[in-house]
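Dear colleague,

Please find the structure below, handed over for your study.

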Amino acid sequence: MNIHTFRIGGIHPEENKLTHEAVTQQAPLPMQAIFPLSQHIGAPAVPIVQKGDKVKVGTKIADAGGFVSAPIFSSVSGTVARIDTAIDATGYRKPCIIIDVEGDEWEESIDRSDKLELVKDHPEVTPEEIVSRIKDAGVVGMGGACFPTFIKLTPPPTAKAECVIINAVECEPYITADYRLMMEHADEILVGLELLMKGAKVTKGYIGIETNKPRAIELLTQKCAKAFNASEYNVEVVPLAQRYPQGGEKQLVDAVIRRQVPAPPAIPVNVGAIVQNVGTAFAVYQAVMKHKPLFERYTTVTGKRLQNPGNYLVRMGTPMQMLIDLCGGMPEGDNKLLAGGPMMGKALTSTEVPICKGTNSVTILSDDDARRKEPQPCIRCAKCVDACPMGLEPYLLAKLSAFKNWEKAEQEYIVSCIECGSCQFTCPAHRPLLDNIRQGKQTVMGIIRSRAAKK
Amino acid sequence: MNFILIAVIVLGGIALIAALVLFVCSKRFAVYEDPRIAQVNELLPGANCGGCGFAGCGGMADALVKGADAGSLEGLNCPVGGSEVMSRVADLLGMAIASGEPKVAVVRCNGTCEVRPKIAEYAGMRSCAAMHACGAGETACGFGCLGCGDCVEACQFDAIHINPETGLAEVDEEKCTACGACTKACPRAIIELRKKGPKGRRVFVSCVNKDKGAVSMKACKVSCIGCGKCVKECQFEAITLGQNLSYIDPEKCRLCRKCVSVCPTHAIQAVNFPAPKPVEPKEEGKEATA
């Protein structure tokens with residue numbers, strides 16, 4: 001077996017996949033569910049319910065607020081308590097719809113049976129129908145970035161899609177939600193992939209999995225052989241060497257089909273690839289075949305000091321505190337709470353933050369693990385340059401940002417940074433490289449936007 | 001003797017030719033610059049702070065002279081030199097003074113460590129902008145001063161500092177030139193340029209928290225809760241309430257300080273007033289029990 005990986009940079013952080021074999025459990029319903037209106041990239045959703053309205057599980061509560069946007073569906077049945085602000089994953093109070101939970105009554109249109117629906121049995125599901133159902137169900141990228149899925153399936157006229165790559169890499173330490181999903185719902189994921197391929201009008205599909213998940217590779221290879229045998233579609237399971245950040249779109253495209261995506265504004269489809277997370281494939285299956293909008297997701301609740309870390313099928317809007325309590329409560333002492341994993345996750349200061357479309361994990365790090373070391377002067381060892389998966393020079397970008405030399409920073413492709421944190425992880429002097437670069441990237445992107453607006 | 005003569009003639013000749021070339025060039029290719037620009041430039045402080053909106057004092061001098069030719073100095077003000085410099089410039093250009101009232105930077109956050117408890121620890125780069133991008137910061141208030149000193153770094157006049165006891169930015173009124181660099185550096189727009197006021201007396205709402213009262217109170221005891229008491233109390237309609245936050249218009253405020261006494265959270269501050277008269281004992285008792 002020939003094992004690939006991406007060609008530039010990368011690191012290998014400690015895996016700590018504590019919950020690998022923990023079978024997913026259904027998390028209980030919360031007392032009150034909170035739905036932030038901005039759970040995706042793009043314009044915030046617009047509420048279409050009012051205080052006092054009754055909703056069911058799967059009722060649409062907010063409409064897409066623009067082209068790049070997604071509707072939001074209630075994950076619970078009950079009454080709209082109020083439309084207010086609550087702390088979301090940005091760390092700030094943002095507009096939210098808050099629903100008091102009463103019972104568990106689902107919308108009748110949702111097919112709740114376990115029967116596997118195959119694409120060949122549903123000739124009425126045309127490519128256009130697939131895209132429109134995905135759009136109407138509010139499906140967004142489930143890997144964390146939350147980009148509306150239907151937009152990815154309709155590439156700009158300048159680009160032509162050639163294949164769909166399923167991102168089953170899960171290179172981030174601690175998180176196992178995607179792995180559990182693969183082990184428990186492999187058939188549905190493959191139907192989801194077929195729908196994605198049909199929607200994007202391509203016949204080639206890949207599933208990229210890292211070799212630390214041998215059982216998933218085996219299972220999916222077997223199922224693929226069965227499912228796509230004698231069909232027009234050609235799907236390949238591609239085992240990949242362990243390397244962070246392989247789950248980054250551009251890295252995955254390079255690892256799987258050996259093509260490098262040029263600097264922004266180019267996107268993977270410019271080299272012919274549409275990358276979708278396994279979670280997204282599953283959500284697409286449910287949206288198209290079961291008429292079930294996106295209101296549930298697989299989430300890992302993990303941390304070395306948690307009593308019972310586990311994987312949960314969570315209704316969105318559930319406060320993190322509830323999941324932490326299910327795992328034995330917040331450990332004693334100081335902890336660092338992250339929405340996401342330790343590399344890309346977002347640190348939070350409140351446990352009342354709800355699980356959203358992109359919350360793949362709730363990670364709790366101990367003070368010892370999370371504390372940063374005192375930064376030392378840069379000795380120009382260039383380890384960060386070796387580690388950068390985008391081929392940038394992090395030490396230089398960090399310095400340029402610190403000195404506010406935006407012009408030079410732009411010339412050095414600061415906007416290509418994917419903020420994976422490999423540079424900061426690898427720096428022997430513990431310098432806050434990414435902190436600086438992130439600041440610079442935001443400023444430079446602002447400058448570019450205002451320049452474009454002037455033209 | 002002959003050698004010396006030849007040398008003198010040759011060098012003298014070269015010098016003459018060079019002088020001629022230089023003379024012709026300086027006449028032929030001369031760029032006319034208004035002599036007043038240099039004169040005005042001399043009057044300006046020369047700090048090149050950019051507070052006037054131009055890249056430096058040279059640009060400002062240019063604009064002032066152009067303005068004088070156009071007949072108005074409106075909109076042109078050197079915040080560093082203040083009215084003194086502006087009146088001298090106006091004299092030179094034979095114009096009326098167009099300088100505004102002196103202003104000063106005001107930090108609208110009073111959430112000291114005691115009244116605004118820390119709920120988390122930030123370990124990243126020491127920069128307000130970086131901390132602001134990470135979330136609410138170390139306290140539960142998502143609007144207040146972060147105390148990392150981006151404003152201190154931006155100030156060219158050493159006029160703003162972080163007080164280590166309160167963790168807040170404090171302005172040195174003597175040194176502040178109201179150039180506005182700090183207002184741009186603050187990622188939360190806490191610092192405002194306000195009218196300095198007679199003898200530096202000012203009344204302002206020292207809070208920018210737009211959360212609902214109950215939420216902001218929980219985060220910080222001296223936050224504006226948007227109760228509107230000050231709005232009712234003000235006789236001069238100087239106070240407006242929007243997004244759970246009061247704002248005192250410095251143009252309308254008559255410095256009566258009635259709003260200061262009615263504010264339940266002490267979010268309204270009056271500075272540089274003489275020591276307050278002893279408050280009626282009744283009131284004080286109420287406050288202590290509240």
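The domain assignment of chain B, in what is a predicted model, gives two parts: domain 1 covers 35-93 and domain 2 covers 103-289. The C-alpha centres of these two domains of chain B are 33 Å apart. Where they touch, domain 1 of chain B contributes six residues and domain 2 of chain B contributes seven residues. On the domain 1 side of this contact in chain B, four residues are nonpolar, two are polar and none is charged.

I turn next to the contact between the chains. Chain B supplies 14 residues to it and chain A supplies 13 residues. The side belonging to chain B consists of nine nonpolar, four polar and one charged residues.

A pair of helices in chain B may also interest you. Two packed helices are described by the angle between their axes and the distance between the axes. For helix α2 (residues 35-43) and helix α4 (residues 82-93) of chain B, the axes come within 10 Å and cross at roughly 160°. Angles over 145 degrees count as roughly antiparallel, and α2(B) and α4(B) are therefore roughly antiparallel to each other. The crossing of α2(B) past α4(B) is right-handed.

Which residues make this contact? From α2(B) they are B:Arg36, B:Gln39, B:Val40 and B:Leu43, and from α4(B) they are B:Val85, B:Arg88, B:Val89, B:Leu92 and B:Leu93. By class, the contact of α2(B) with α4(B) comprises six nonpolar residues, one polar residue and two charged residues.

Yours sincerely

Note on methods:
Residues numbered from 1 in each chain as written. Chains lettered and ligands numbered in written order. Predicted model: local features only at pLDDT ≥ 70, side-chain atom pairs only at ≥ 80, totals over all residues. Domains from an automatic or database assignment. Contact = placed C-beta atoms within 7 Å. Nonpolar A, V, L, I, M, F, W, Y, C, P; charged D, E, K, R; others polar. Axes fitted to C-alpha atoms, helices over the stretch in contact; angles between N-to-C directions. Helix = DSSP H or I, 4+ residues; strand = E, 2+ residues; numbered from the N terminus. Parallel < 35°, antiparallel > 145°, perpendicular 65-115°, else oblique. Left-handed = near helix turned anticlockwise from the far one by under 90°.
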